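Here is a note to read alongside the structure, written as numbered points so that each can be checked against the display in turn.

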Amino acid sequence: MITAGIDCGAKNTKTVIVKDGRIVGRGIVLTGFDQAQAVKESFELALKDAGIARSDLAHVGGTGSGAKSIAEADVKVNDIKAMAAAAHYFFPNARTVVDVGAEEGRAAKCDEKGRVVDFAINEKCAAGAGAFIEAMGRALETPLDQMGPLALSSNHAIPMNAQCTIFAESEVIGLIHAKTEKKDISKAIHDAMASRIVSMIRRIGVNPDIVMIGGVAYNPGFVTAMQRELGVKKIHIPDMPEFAAAAGAAVVAATDGN
Amino acid sequence: MAEEKKPEFWRWEETNWVSPEIKWQDGEFITLGIDVGSVSSQAVVMVDGEFYAYSNMRTGSDSPDSARNALAFALEKTDLTEDNIHYCIGTGYGRVNVPMADRSVTEIACHARGANFIYGPQVRTVLDVGGQDIKAIRCDAKGKVTNFLMNDKCAAGTGRGMEVFADLLSVPIGDVGERSFQVDKEPIAVSSICVVYAKSEATGLLRKGLSVNEVLAAYCSAMADRIYALLERVGVEPEFAITGGMAKNRGVIDRLKRKIGLEPMKTKWDTQLAGAAGAALFGHALCKKGKGKGK
């Protein structure tokens with residue numbers, strides 16, 4: 001059976017094609033302002049990547065904050081279910097899943113079958129999502145992909161008082177004026193963010209194995225800070241973590257679609 | 001072509017003032033209140049508990065300098081010097097960094113006292129919306145705090161949030177209020193509380209064809225909701241007064257007063273002075289108890 005999963009997120013729209021349990025194609029485009037268009041393009045890119053036609057698909061799962069714009073989907077998969085299914089697909093021992101996207105942070109507790117037992121979500125505050133690191137990158141005049149490595153090059157912890165992205169921008173500018181080293185500021189930013197995300201995760205309980213998906217998993221500074229904050233040696237991250245939720249939607253479409 | 005300096009829409013006017021009537025040399029006690037906020041700083045000089053001189057300016061990046069700068073700006077048009085001051089009280093977020101202060105007092109206490117002075121002893125509920133916080137304060141006839149609630153963690157509803165929006169929409173911050181009412185129909189408030197997300201939402205609304213004024217209205221409406229939520233938890237007892245910079249934003253205040261169903265009190269004084277004024281008054285009270293420095 002071949003299924004597709006489409007995750008229409010705040011920043012990017014991702015599509016994954018799964019054939020008999022294996023990922024055979026992927027597509028990603030910026031969501032922009034026209035969700036339906038982004039979904040169409042992302043879907044077509046993935047089909048092309050997999051070398052299959054739309055008619056080859058048994059089912060299409062749709063998920064993400066823009067799920068209502070996914071006309072192509074016959075199976076609607078809620079975000080939490082998609083992330084738990086994704087974690088279980090990549091790591092069958094996953095019991096705690098964290099998904100930090102551009103504008104939302106989520107944590108789910110799941111069982112040995114990948115079913116959601118409990119979850120926590122932040123969709124209201126930018127300081128608990130990728131938007132925070134993006135904004136701080138601008139304040140530090142550092143490209144996003146360098147923020148993590150910069151943080152890792154520091155071994156000096158400084159406190160960050162602001163809980164809010166907007167206030168943190170002012171705080172960072174203040175630190176720069178006080179001649180604080182950028183690497184130390186970057187570390188403080190990642191530590192603060194990890195602290196917030198872990199607070200959210202603790203609401204549902206931390207149980208190994210811990211899996212992280214979503215674009216922010218690419219940030220080694222964030223992953224390291226999370227490991228430290230959680231007190232664990234390893235957080236499991238799938239290849240191409242930004243596609244994970246779409247893969248989860250494809251897997252759910254295969255089981256729920258019939 | 002030379003690169004234009006990008007205009008700073010968030011920048012509001014810095015002011016100072018001296019009383020044309022009062023002669024400080026004839027006064028018994030000269031007290032100074034300095035309120036160093038995260039966004040703005042004020043210095044208020046009182047002669048026997050009346051406004052003599054004041055300044056209102058941007059805090060900048062360094063707290064001790066902020067206090068000194070605010071004082072210098074306040075004294076600029078006077079022949080008064082720091083030596084003539086009998087008592088100085090520091091307040092605000094940066095109150096630990098007011099080098100000339102004899103004491104510091106919390107901004108909650110100072111705002112209540114200051115509001116009692118600039119609005120009158122009938123005030124029982126003070127809403128202070130400053131640069132980075134929102135405070136809802138209940139007080140008695142003497143300006144003493146009886147209850148309060150504060151948000152200083154989230155930019156939504158604060159001056160900083162408004163500055164970010166003014167910048168986003170390229171509207172000078174002083175024009176935001178007026179322009180938010182130049183709409184045919186009041187739009188729905190933006191749904192995001194978070195300023196960062198509200199910005200994305202605003203960009204989306206502009207793309208959908210809303211005018212800048214309509215987006216301003218939508219944002220002011222959301223900010224009024226946010227402030228009201230805090231205020232409601234402490235309860236609004238008349239008379240009701242507003243201090244801090246946001247009091248100057250009709251776009252938020254008029255929408256807020258519709259929700260509360262109360263007309264806020266009026267004052268001729270700059271609402272951003274409340275904290276520093278309260279501090280100067282506390283200094284005056286201490287001088288009357290004999291704590292002031294000799295002339």
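1. Which residue in β4(A) does I6(A) stand opposite? Before the answer, please keep in mind that this is a predicted model. The residue across from I6(A) is G62(A), which belongs to β4(A). The two strands concerned are β1(A) and β4(A), the latter covering residues 59-63 of chain A, and they pair in the parallel sense over five bridges.

2. Strand β1(A) also pairs with β2(A), which covers residues 12-19 of chain A, and here the strands run antiparallel and are joined by seven bridges. The two form a hairpin, with three residues between them, and one pair that can be found in the display is I2(A), which stands opposite K19(A) of β2(A).

3. How many residues of β1(A) are buried? Six of the seven residues in this strand, residues 2-8 of chain A, are buried, so β1(A) is largely enclosed by the rest of the structure. Here a residue counts as buried if 20 or more other C-beta atoms lie within 10 Å of its own.

4. Turning to helices of chain A, α6(A) (residues 182-202) and α7(A) (residues 220-230) have axes that come within 8 Å and cross at roughly 50°. The two helices are therefore oblique to each other, and α6(A) passes α7(A) in a right-handed crossing. On the side of α6(A), the residues making the contact include H190(A), M193(A), A194(A) and I197(A), while those of α7(A) include F222(A), A225(A) and M226(A). Divided by class, this contact has eight nonpolar, four polar and two charged residues.

5. The axes of α5(B) (residues 195-207) and α6(B) (residues 212-234) lie 10 Å apart, and the helices pack at an angle of about 150°. Because angles over 145 degrees count as roughly antiparallel, α5(B) is described as roughly antiparallel to α6(B). The crossing of α5(B) past α6(B) is right-handed. From α5(B) the contact draws on A198(B), A202(B), L205(B) and L206(B), and from α6(B) on V215(B), A218(B), Y219(B) and A222(B). By class, this contact has eight nonpolar residues, with no polar and no charged ones.

6. Chain B also holds an open sheet of four strands in the order β9-β8-β7-β10, with mixed pairing. The strands at its edges are β9(B) (145-151) and β10(B) (240-243), each of which pairs on one side only, and the twist from one strand to the next averages 15°. Within this sheet, β7(B) (residues 125-129) and β10(B) pair in the parallel sense over four bridges, and L127(B) stands opposite I242(B) of β10(B).

7. Finally, how many residues does each chain bring to the contact between chain A and chain B? Chain A gives 16 residues and chain B gives 16 residues. On the side of chain A, α3(A) (130-139) and α5(A) (165-177) each supply at least two residues, and the largest share, seven residues, comes from α5(A). The residues on this side of the contact divide into nine nonpolar, five polar and two charged.

How values were computed: Residues numbered from 1 in each chain as written. Chains lettered and ligands numbered in written order. Predicted model: local features only at pLDDT ≥ 70, side-chain atom pairs only at ≥ 80, totals over all residues. Axes fitted to C-alpha atoms, helices over the stretch in contact; angles between N-to-C directions. Parallel < 35°, antiparallel > 145°, perpendicular 65-115°, else oblique. Left-handed = near helix turned anticlockwise from the far one by under 90°. Contact = placed C-beta atoms within 7 Å. Nonpolar A, V, L, I, M, F, W, Y, C, P; charged D, E, K, R; others polar. Buried ≥ 20, exposed ≤ 12 C-beta atoms within 10 Å, placed from the backbone. Pairing = 2+ DSSP bridges.
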